[in-house]
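Keep the coordinates open as you read.

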Amino acid sequence: MWFILLAPALTIGLAFGHASSPPHYEHAWAPAGPGDFRGPCPMMNTLANHGFIQRDGRNMTRENVVKGLGEGLNFDPSLANVMFDQAIIANPEPNATFFTLDQLNVHNLLEHDASLSRSDAYFGNNHIFNQTVFEETKKYWQGGIIDINMLANSKVARQLTSKAFNPTYRFTLITEEFSLGEVVAPIIAFGDLNTLTVNRTLVEYFFENERLPTALGWSKKVDAIILDEVARLNEVLRNATKLTTSSDAGLSKRVLG
């Protein structure tokens, strides 16, 4: 569920947990240690694994999240602040000023059914990467480059599977807005914002390892990612998920007499 927080993703002081201190340099990758929190959002987990946000998954304050999103992905502060505002509701305490990655696991708050890489809560664990679910998603990514239509097809397919087999399936209009941001996120983070494509290898590496694909040659974008750009991509994806077509779609180009 990353990117509508866009769905999520997220140190004037990084509070590193002792069990998962960075092995060589500040943003070296290290998996969660005992007692560290992780949630359903692969990007949030990834940023924690790299130390762009708290490695222990705690104390996600506005300052920490905005700084981490900027340093890790070059998100504009205005976009990062919107994402924090959407995530803070995960903390049930009145007037909360922080949240934890564990609090994001509450079903049907921000986390939801039909994830591209997680099982529905009805079937068990809703926040750990699920290879079987991800294999279903990948069936709709054809070739080495993923485009917006392939992402749309995988989103619709996961919803159909969930609706067919999960008797508690729930997917509201609000959930749809979250889902659009999450599904387009690989293009936003790792892809080309003009062609709306992304290298499949980068996306698979990210999902399966919860690790930024720097070892594969990726680097964060030079130009900051702004809210208007994210909104534009969300609308393109929304249109791509529609199952109806225009009346002349698929017709031969020959003149009909």
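This is a predicted model: local features need pLDDT of at least 70, side-chain atom pairs count only at pLDDT 80 or more; totals for chains, interfaces and linings use all residues.

Residues are numbered from 1 along each chain as its sequence is written, and side-chain values use heavy atoms, with hydrogens and water left out.

**Aromatic pairs**
- Rings of Phe, Tyr and Trp (its six-membered ring) pair if their centres lie within 6.5 Å; planes under 30 degrees apart are stacked, over 60 edge-to-face, and the rest tilted.
- The count by this rule is nine aromatic pairs.
- One of them joins Tyr 122 and Phe 123, edge-to-face, at 5.1 Å centre to centre and 80 degrees between the planes.
- Phe 129 and Phe 134 also pair edge-to-face, with centres 5.5 Å apart and planes at 65 degrees.
- A cluster linked by ring pairs holds Phe 129, Phe 134, Trp 141, Phe 190, Phe 206, Phe 207 and Trp 218.

**Exposure of paired rings**
- Buried means under 20% relative accessible area, exposed over 50%, and partly exposed in between (1.4 Å probe, protein chains only).
- Tyr 122 is partly exposed at 44%, and Phe 123 is partly exposed at 47%.
- Phe 134 is buried, at 0%.

**Charge over a ring**
- Arg 58 lies over the face of Phe 37, 3.9 Å from the ring centre.
- The rule takes NZ of Lys or CZ of Arg within 6 Å of the ring centre and within 35 degrees of the ring normal.

**Asn 239**
- Asn 239 is partly exposed, with 45% relative accessible area.
- Asn 239 lies in helix H8 (residues 227–240); helices (H or I, at least four residues) and strands (E, at least two) are DSSP runs numbered from the N terminus.
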